[in-house]
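User: I am new to this model and would like a close look at one part of it. Could you walk me through a salt bridge and its surroundings?

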Amino acid sequence: MCSPRGDLTSATNILHAGAIRVATATCLAWLVLSVLAGAATAQPLFGIWSPGEPYAGSVAGADALERATGRRVSIVHWYQNWGGSAWASSVQPHAVRAVTDSGRLPLLTWEPQDPQQGPEQPAYRLASIAAGAHDAYIASFARGLRDLGTPVYLRPMHEMNGNWYPWAGGVNANTTGDFVQAWQRMHRIFAAEGAGNVRWVWSPNNFDASPAYPMEAFYPGASFVDVLAADGYNWGSTRPQFGGWQTFAQVFQVVYDRLKALGPQPIWMAEVGTAPNGGDKPAWIRDMFTRAQGMDRLQALVWFNEFKELDWRADADSGTAAAFAPVAPGSVDSLPHDASAPPAPTPPDPHDASNSLSIVLASAAATAGAPPAGSSLSDHQLAALGLRGSDTGAVDTGSTGSGAGSPGTAQILLMHTDERVPRGRRSVVRWRAVRPTVVRRWVIYLDGLRVHSVTSGGATTHRLARRSTRIGTHRWDIVGHDAAGRHVVSGARSFRVVRAR
């Protein structure tokens, strides 16, 4: 509803006014795909859209909002159109790097439209996308994101169950079937280009503009969607046609339940805002965070921080900004801003009696395209790692990818982790690379946050333990970097924290 269609165009002057800062190549490692917020005490990750960012290679607005509110901004959201000026329609590496270099997740809304036109744009009909008319552009964009070598959350064609965009149902001669086919075609093109670092965010509006086009009819299927999301706003008394003043639950509870019924993926609220008129805006915000803790699948809240149709800004005044302050010590959002410095190593726990499960994860670098855990790597993917499969499933350490080994599952990274952990106990992860000489440094993430970094040091195995009190599903991600700092192998494993019996 609140997509700033004109902001990319207006940012042209910013980019052309000075040199574009190109950040040094650093890898924001392979982050969690299914981090689920705990129902008891955890806060979802918090993100923002801030006008003009990060187009000019800056996240100063996100930094300023952190200072104003005291809440960690973990996600930076922005918009790009397919049409309009040439620079605006292509991948902007400096923008993504500005986000990742600050230790945040990039969320990019991708809009097939010319922002200067209305919803009726025949050039961007869904049927034309589904038929391949835009394949070259899509493939080029996929390669641009792939080459960044960092996770990017991509949100194409959002609010498709509305009637205000060229990709909406019932608009521009579109059908729900056209949407599904267009989405799936784009997804397959990205896979063919090896853009395995892209996470697909499917994001309808919180209400259907027409009962003939319910959001469920646009769902392309679980294998094509990594994150389920929704946009919603409390329009307050100034827009009674949109329901008047509504609580956070009135805006999001119904759509949240509908999203849960669609699939098992984590859920984000990708655009959130409340008007200041008709009620107490700071109280609405505090209630939002309280309600969010009870939504066990809710992973992120992304605030629309702009004075646009109404004053949605989180820092509109001191009272509003203060409402964002974290209230739960130890929550995700109260972690220090700089998560790059590794904590002191956790010594082995001789009393640890966790039920560990030995698993084999076959994972490739983003440039090779990462298959689901446990699946077989293709020869192309193995070659990108300098490996090849053997008929036993073990890695042929003498191969350079040019041999004619039999296909099989490549055991590149061996991980042991808990299946279930009582609340208050430590969860433990152990890992070993079959080819330890490839990896020079391991980076470890828990629920998408970097918690440790260690050099391989010739050690054959590594171990890390962390205590967690959040009931729900959690995830370890282990990322190996080579001597040049490139991401060469990664693996992940979920576990659950349960109530102590």
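Analyst: Glutamate 193 is partly exposed, since its relative accessible area is 21%; buried means under 20%, exposed over 50%, and partly exposed in between, using a 1.4 Å probe and protein chains only. Please keep in mind that this is a predicted model, where local features need pLDDT of at least 70, side-chain atom pairs count only at pLDDT 80 or more, and totals for chains, interfaces and linings use all residues. Residues are numbered from 1 along each chain as its sequence is written, and side-chain values use heavy atoms, leaving out hydrogens and water.

The partner of glutamate 193 is arginine 143: the two form a salt bridge whose closest N and O atoms are 3.4 Å apart. A salt bridge here is a side-chain nitrogen of Lys or Arg within 4 Å of a carboxyl oxygen of Asp or Glu. Arginine 143 sits in helix H6 (residues 135-146), while glutamate 193 belongs to the loop between helix H7 (176-192) and strand S5 (198-202), so the pair ties together parts that are 50 residues apart in sequence. Helices (H or I, at least four residues) and strands (E, at least two) are DSSP runs, numbered from the N terminus. Arginine 143 is also partly exposed, at 32% relative accessibility.

For context, the structure holds 14 salt bridges. Another one joins aspartate 287 and arginine 291, with 3.3 Å between the closest N and O atoms. Those two residues are four apart in helix H9 (residues 281-293), which means about one helical turn separates them.
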